[in-house]
Amino acid sequence: MENQRFLFYRGSTPTLELVLPLAVDWGDTVYLTLCQGDRPVLEYAMNGSPALAGSGSLRRAETQENVLLLTMSQEDTLRLESGDLELQLRLKNQVGADSFRPLRGIVGPVFKEGVIG
């Protein structure tokens with residue numbers, strides 16, 4: 001499982017399901033950062049203010065307290081370059097704060113640029 005990668009394409013509207021080793025409370029603060037080339041490109045937050053805000057959403061799954069759902073917009077995925085991508089979560093709850101090991105992914109190319117209306 002160490003070498004598994006996620007994949008989505010530029011211009012798509014993916015929803016990534018992130019299964020965590022702990023429960024996430026509705027009031028917890030969570031940041032999800034997407035980096036390419038060691039540079040943050042997009043950021044999403046649950047109960048926080050992201051610095052490089054995407055127009056998608058980060059939320060806890062309704063029925064699973066250890067699952068976060070990241071839904072990205074076409075605009076968000078078009079801000080990314082084709083190629084390697086890293087995703088990292090940071091969480092702060094009543095117990096303390098934690099940073100999770102980055103997950104590696106791939107952004108696939110798109111042949112027709114722009115948002116499809």
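This is a predicted model: local features need pLDDT of at least 70, side-chain atom pairs count only at pLDDT 80 or more; totals for chains, interfaces and linings use all residues.
Q: How many aromatic pairs does a search of the whole structure find?
A: The search returns one aromatic pair. The ring centres of F6 and F8 lie 6.2 Å apart with the planes at 15 degrees, so the pair is stacked.

Q: Are F6 and F8 buried or exposed?
A: F6 and F8 are both buried.

Q: What sits over the ring of W26?
A: The charged end of R60 does, at 3.9 Å from the ring centre.

Q: Moving to the largest nonpolar core, which residues have the most contacts inside it?
A: L32, L68 and L89 have the most contacts within that core, which has 24 residues.

Q: Which strands each supply at least two residues of this core?
A: They are strand 1 (6-9), strand 2 (15-19), strand 3 (29-36), strand 4 (39-46), strand 6 (67-71) and strand 7 (83-92).

Q: And what does L32 touch, not counting residues up to four places away in sequence?
A: Its contacts include L18, L42, L58, L70, L87 and L89, and among them are also E43, Y44 and Q88.

Q: Why is strand 6 described as largely enclosed by the rest of the structure?
A: Four of the five residues of strand 6 are buried, so the strand is largely enclosed.

Q: How many bridges join strand 2 to strand 6?
A: Five bridges join these two strands, which run antiparallel.

Q: What about strand 5 and strand 6: how many bridges join them?
A: Strand 5 (residues 57-60) is joined to strand 6 by four bridges, and the two run antiparallel. S57 has T71 as its bridge partner in strand 6. A hairpin through six residues connects strand 5 to strand 6.

Q: Changing topic, what is the count of salt bridges?
A: The count is three salt bridges.

Q: With which residue does D84 form a salt bridge?
A: D84 pairs with R5, and the closest N and O atoms are 3.3 Å apart. D84 lies in strand 7 and R5 in the segment before strand 1, so the pair ties together parts that are 79 residues apart in sequence.

Q: Is D84 buried or exposed?
A: D84 counts as exposed, at 52% relative accessibility. R5 counts as partly exposed, at 41%.

Q: Which residue forms a salt bridge with R10?
A: E113 does, with the closest N and O atoms 2.6 Å apart. E113 lies in the segment after strand 9 (103-108) and R10 in the loop between strand 1 and strand 2, so the pair ties together parts that are 103 residues apart in sequence. R10 counts as buried, at 11% relative accessibility.

Conventions:
Residues are numbered from 1 along each chain as its sequence is written. Side-chain values use heavy atoms; hydrogens and water are left out. Rings of Phe, Tyr and Trp (its six-membered ring) pair if their centres lie within 6.5 Å; planes under 30 degrees apart count as stacked, over 60 as edge-to-face and the rest as tilted. Buried means under 20% relative accessible area, exposed over 50%, partly exposed in between (1.4 Å probe, protein chains only). A charge sits over a ring if NZ of Lys or CZ of Arg is within 6 Å of the ring centre and within 35 degrees of the ring normal. A nonpolar core is a set of buried Ala, Val, Leu, Ile, Met, Phe, Trp, Tyr and Cys residues joined through side-chain atoms within 4.5 Å. Contact means heavy atoms within 4.5 Å. Two strands pair if DSSP finds at least two bridges between them. A salt bridge is a side-chain nitrogen of Lys or Arg within 4 Å of a carboxyl oxygen of Asp or Glu.
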